[in-house]
Amino acid sequence: MSARRIRAGLAAALLACGPVSAHHSYAMFDFRQSLTLNGVVREFQWTNPHCFLQVVVTEQGANKEWSVEMSAPADIYRKGWRPGSLKPGDRVAVTIHPDRDGSSGGTYVSALGPDGKPMFPDPTPPPPPPPPS
Amino acid sequence: MKSLTPPALTLVLGLALCLSAQAQQNPPERVRQFAALPKWTGIWETELAAQLNSGELDKALGRAMKDPDSVTYVLAPKGVLLPLEVEFFGRMQLLHQPPYNAQWLKQYEGEVHDAQTAPATAVNPGDIKGCVWGFPMLMESPTDGTFQPLVTPEETLLLFADGEVRHIYTDGRAHPKKEDLWPTDLGDSIGHWEADTLVIDTIERKAGPLMPIPHFVSPDLSEQAHFIERVRMVNPNALESEMTIEDPARFAHPWKITLRYRRVTDLDRMIPTNCTENDRNPVVGGQVTIAPR
């Protein structure tokens, strides 16, 4: 698991609101696992304390709706997200760390938008300083 | 002498009244006072929030996840929080051990032992779902850490994204009389300027731990806690606050910490936070869950 992925999860965990990891601890998610949902946006909830991306995935002819928990608007706004960034019907590929309890939910890691490009990725971190000579 | 016509007289009187009203609204002395105040305009965030957002903590947080045993800070029973969450919160100065007196040091050590030995199940997940930080934690909040200062001659307001507002009266008033005060989450604050430094005096914070969650370890302050903050701009993009906490009922000596804030450059407005608008994280069977849409 890369540090940037950890940060994505931690930021989501911490930047919602309130004491201790903001709204709640992210121990509820399995950070050892990543899952990519290829599906269609049903709803993008631009709400506090968390934004949610509802994604419908069709597998073997059956639809399954996933609830992808994101950070608070105050956080993802800073990364470039806006309430209209995704609309119902948009095709997306959303990578998540799934719920530990096996339910159809998880915490947002990254997404490819309808154009197939990464949506508001973290800027490339600056290179590490050179080692001392 | 030629007298004014009624319309001209009306105009002159109107103008005089207008100028008089304007002078009352903004007398020269107040305009001068305003102009002399430091310009702290803009949105700021706590150092820890800035470090998280910029990726400066990636290495340390990654290490915490890879090697949980490397996290030695004790905040909660093991398993309640992710190792990286413990590592992160362990960086908050206000969560470190304060200079307790002997009696409270013993109690503190008992709390640490409790947190180290209690099972994760001892903590109700519902207890760690919270809303606002209160004072003084909001001054080091790593979450909802953005705030906007509004500096006027009479009062400085610190407006936080989560809706909390600190009113710091700088009009020369004293704290209300003891019998007219009651403890609140933010306490009662007055202040004065010493050159470019705002000196804030706060009393009457509600007694209790800074992170009031059963089996969690955090400093516990009495209602006698007295806070002095010296806030100044150290460069156009940085504020600094030297905070001294005196608590004669709990501490052996004053507790001094330095808090820093960075200017936020990627927000064009304050974005409010709120923990109840669409809370889809009910606690079910002792676990935080995501409720279906």
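Q: What is the mean pLDDT of chain B, and how many of its residues reach 70 or more?
A: This is a predicted model, and the mean pLDDT of chain B is 90, with 96% of its residues at 70 or more. For the complex, the predictor gives an ipTM of 0.79 and a pTM of 0.84.

Q: How do you know that the span of helix α6(B) is close to the expected one?
A: The helix covers residues 102-117, 16 residues in all.

Q: What puts the buried residues of α6(B) on the same side?
A: The buried residues are Trp104(B), Tyr108(B), Val112(B) and Ala115(B). Because they cover an arc of only 85 degrees around the axis, they lie on the same side of α6(B). They pack against β8 (220-221) of chain B, while the face turned away carries the exposed residues Ala102(B), Gln103(B) and Lys106(B).

Q: Why are β5(B) and β6(B) said to pair?
A: Pairing takes at least two bridges, and these strands have seven, so they pair, in the antiparallel sense. One bridge links Asp188(B) with Ile203(B). In their hairpin, two residues lie between the strands, and Ala195(B) takes a positive phi near 55 degrees.

Q: What makes β4(B) and β5(B) count as paired?
A: Two bridges join them, and at least two are needed, so they count as a pair. These strands run parallel, and Tyr169(B) has Ile190(B) as its bridge partner in β5(B).

Note on methods: Residues are numbered from 1 along each chain as its sequence is written. Chains are lettered from A and ligands numbered from 1 in the order in which they are written. This is a predicted model: local features need pLDDT of at least 70, side-chain atom pairs count only at pLDDT 80 or more; totals for chains, interfaces and linings use all residues. Side-chain values use heavy atoms; hydrogens and water are left out. Helices (H or I, at least four residues) and strands (E, at least two) are DSSP runs, numbered from the N terminus. The expected span of a helix is 1.5 Å times one less than its number of residues. Buried means under 20% relative accessible area, exposed over 50%, partly exposed in between (1.4 Å probe, protein chains only). The arc is that of the directions from the helix axis to the C-beta atoms. Contact means heavy atoms within 4.5 Å. pLDDT is the predictor's confidence in each residue, from 0 to 100.
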